[in-house]
Amino acid sequence: DGNAAVAQELRSLGALDALVTCGMNHPGRVNKQSMWTLGQVGGMLPVLQVMSKAPDDSPAVMSGLVTIAKLAWLPPEESLQQQFPHAAEALLNLALRVDMSGDVAEKVLQGLGGVLNVLSPHISPGAWPVMDRGVSLLIDATGPSSSAMTAQAAVASLGHIAANAPAWRAPLKRALGGIRERLRKMEAVEDEVMKCARQQKLFSWASAVIAGLPVVLEQMQDQAASSRVQVAGLSAILDVLDSDADGQEGGLVDPAHVPAAIAVVASAMRGHSMQEQVQWLGCRALGLMHQLLPGDDHTPPEALEGVLAAMRRHPKSYKVTSAACAAIRGFLEPR
């Protein structure tokens with residue numbers, strides 16, 4: 001993550017000017033290590049300054065984008081936070097020039113998304129055209145014209161923006177169509193199963209933080225026969241439940257949706273009774289959601305049956321039995 005104190009000392013000694021001058025004089029020879037050093041000392045703007053002197057398709061630009069894609073998702077130094085609006089403009093202009101099906105687009109959107117994520121809690125929709133255009137570009141990148149990795153970078157950014165800035169969730173719902181279509185196509189891919197499974201979890205989580213539990217429940221019901229979709233949906237449910245438990249601003253779970261969610265999770269556990277991951281994730285989700293029911297509501301019988309059935313079918317699985325025991329303990333506690 002770097003050493004902020006040393007970076008500040010280097011800036012005070014004039015190291016930033018020397019690094020930028022070196023980069024500007026030799027833009028075609030700047031490598032990843034040089035760009036990372038420049039970014040650690042001076043933030044994103046000096047990196048963008050050196051990149052501006054090199055052709056868009058040069059190694060220097062790619063090295064700079066890799067650096068910015070990392071820096072944008074690190075906790076920003078207070079002294080460098082004023083760079084983010086300027087970086088957003090520069091990255092947006094670059095993103096508008098690149099081919100969304102190419103390798104460069106992924107790094108551009110990772111950087112742009114990280115910058116917009118930092119700015120989103122402070123800028124409301126409609127308040128700044130650069131922010132609006134940047135978010136719109138991320139949404140468009142979920143569509144079919146983008147590569148899989150570019151879409152993944154866009155969806156991850158949109159999910160974090162939705163999680164950190166509740167005011168942006170309504171505009172971000174325009175991305176749900178593209179996310180849903182991507183999820184359907186992933187299920188049809190037989191090779192790279194692990195990669196697709198990770199993407200399914202990410203896309204399901206982003207859907208949940210943008211639009212709440214109903215959109216994830218719909219995805220799980222639409223593809224009820226797919227164990228991968230059920231695992232992705234259960235993981236997303238647990239992520240938003242954990243976020244609410246941590247007191248994240250703009251709660252992600254509406255208690256009115258919990259009874260339906262319990263029914264869908266129990267159905268997934270019945271339909272994939274021998275799939276161990278569905279069982280232990282399902283037990284965890286049922287135990288947590290039970291705590292969100294109104295105090296005078298009875299524990300849904302399908303929740304009790306689902307947890308007990310998981311224990312009976314997987315008595316030798318530590319994950320299943322421990323998750324089931326935790327759920328039962330939660331059922332017994334007062335709400």
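Contact, in what follows, means heavy atoms within 4.5 Å. By that criterion, among contacts in the chain between residues at least 6 apart in sequence, 72% join residues at least 24 apart. The model is predicted, so local features need pLDDT of at least 70 and side-chain atom pairs count only at pLDDT 80 or more, while totals for chains, interfaces and linings use all residues. Residues are numbered from 1 along each chain as its sequence is written, and side-chain values use heavy atoms, with hydrogens and water left out.

The chain has 18 helices and zero strands; helices (H or I, at least four residues) and strands (E, at least two) are DSSP runs, numbered from the N terminus. Of its 335 residues, 50% count as buried. Buried means under 20% relative accessible area, exposed means over 50%, and partly exposed lies in between, with a 1.4 Å probe and protein chains only. The accessible surface of the chain comes to about 15,600 Å², and 54% of that surface belongs to carbon and sulfur atoms. These areas come from the Shrake-Rupley method with a 1.4 Å probe; for residues, only the protein chains shown count as cover.

The interior may be considered next. A nonpolar core is a set of buried Ala, Val, Leu, Ile, Met, Phe, Trp, Tyr and Cys residues joined through side-chain atoms within 4.5 Å. The largest such core has 97 residues, and those with the most contacts inside it are Met-51, Leu-109, Val-115, Leu-172, Ile-237, Leu-286 and Met-289. Leu-109 illustrates the surroundings of one of these residues. Not counting residues up to four places away in sequence, Leu-109 touches Ala-95, Met-100, Leu-137, Leu-138, Ala-141, Thr-150, Ala-153, Ala-154 and Ser-157.

Thr-67 is found in helix α5, residues 59-71, and counts as buried at 2% relative accessibility. Leaving aside neighbours within four places in sequence, Thr-67 is in contact with Lys-32, Met-35, Trp-36, Gly-39 and Val-47. Ser-34, in helix α3 (residues 32-42), is partly exposed, with a relative accessible area of 35%. Ser-34 and Thr-67 are 33 residues apart in sequence, and their C-alpha atoms are 9.7 Å apart in space. Ala-324 lies in helix α18, residues 318-332, and is buried, with a relative accessible area of 0%. Apart from neighbours within four places in sequence, Ala-324 is in contact with Cys-283, Val-307 and Met-311. From Ala-324 to Gly-282 the separation is 42 residues in sequence and 8.9 Å in space, C-alpha to C-alpha.

Ala-256 lies in the loop between α14 and α15 (258-271) and counts as exposed, at 60% relative accessibility. Ala-256 and Leu-293 are 37 residues apart in sequence and 8.4 Å apart in space, C-alpha to C-alpha.

Charged side chains come next. A salt bridge is a side-chain nitrogen of Lys or Arg within 4 Å of a carboxyl oxygen of Asp or Glu, and the count comes to two salt bridges. In one of them, Arg-174 pairs with Asp-140, the closest N and O atoms being 3.2 Å apart. Arg-174 lies in the loop between α10 (169-172) and α11 (176-187) and Asp-140 in helix α8 (residues 129-140), so the pair ties together parts that are 34 residues apart in sequence. Arg-174 is partly exposed, with a relative accessible area of 48%, and Asp-140 is also partly exposed, at 45%. Arg-184 and Glu-181 form a salt bridge with an N to O distance of 3.5 Å. Both residues lie in helix α11, three residues apart, about one turn of the helix. Arg-184 is partly exposed at 41% relative accessible area, and Glu-181 is partly exposed at 37%.

Rolling a probe the size of a water molecule over the atoms shows where empty space is left. On a 1 Å grid over the protein atoms alone, a cavity is a set of points where a 1.4 Å probe fits but cannot get out, and lining residues have an atom within 4 Å of a point. Grid points are joined across faces, edges and corners, and a volume is the space filled by probe spheres set on the points. The count comes to one cavity of 30 Å³ or more, and the largest cavity has a volume of about 100 Å³.

Terms used:
On a 1 Å grid over the protein atoms alone, a cavity is a set of points where a 1.4 Å probe fits but cannot get out, and a pocket is an open set with protein on both sides within 12 Å along at least five of seven lines; lining residues have an atom within 4 Å of a point.
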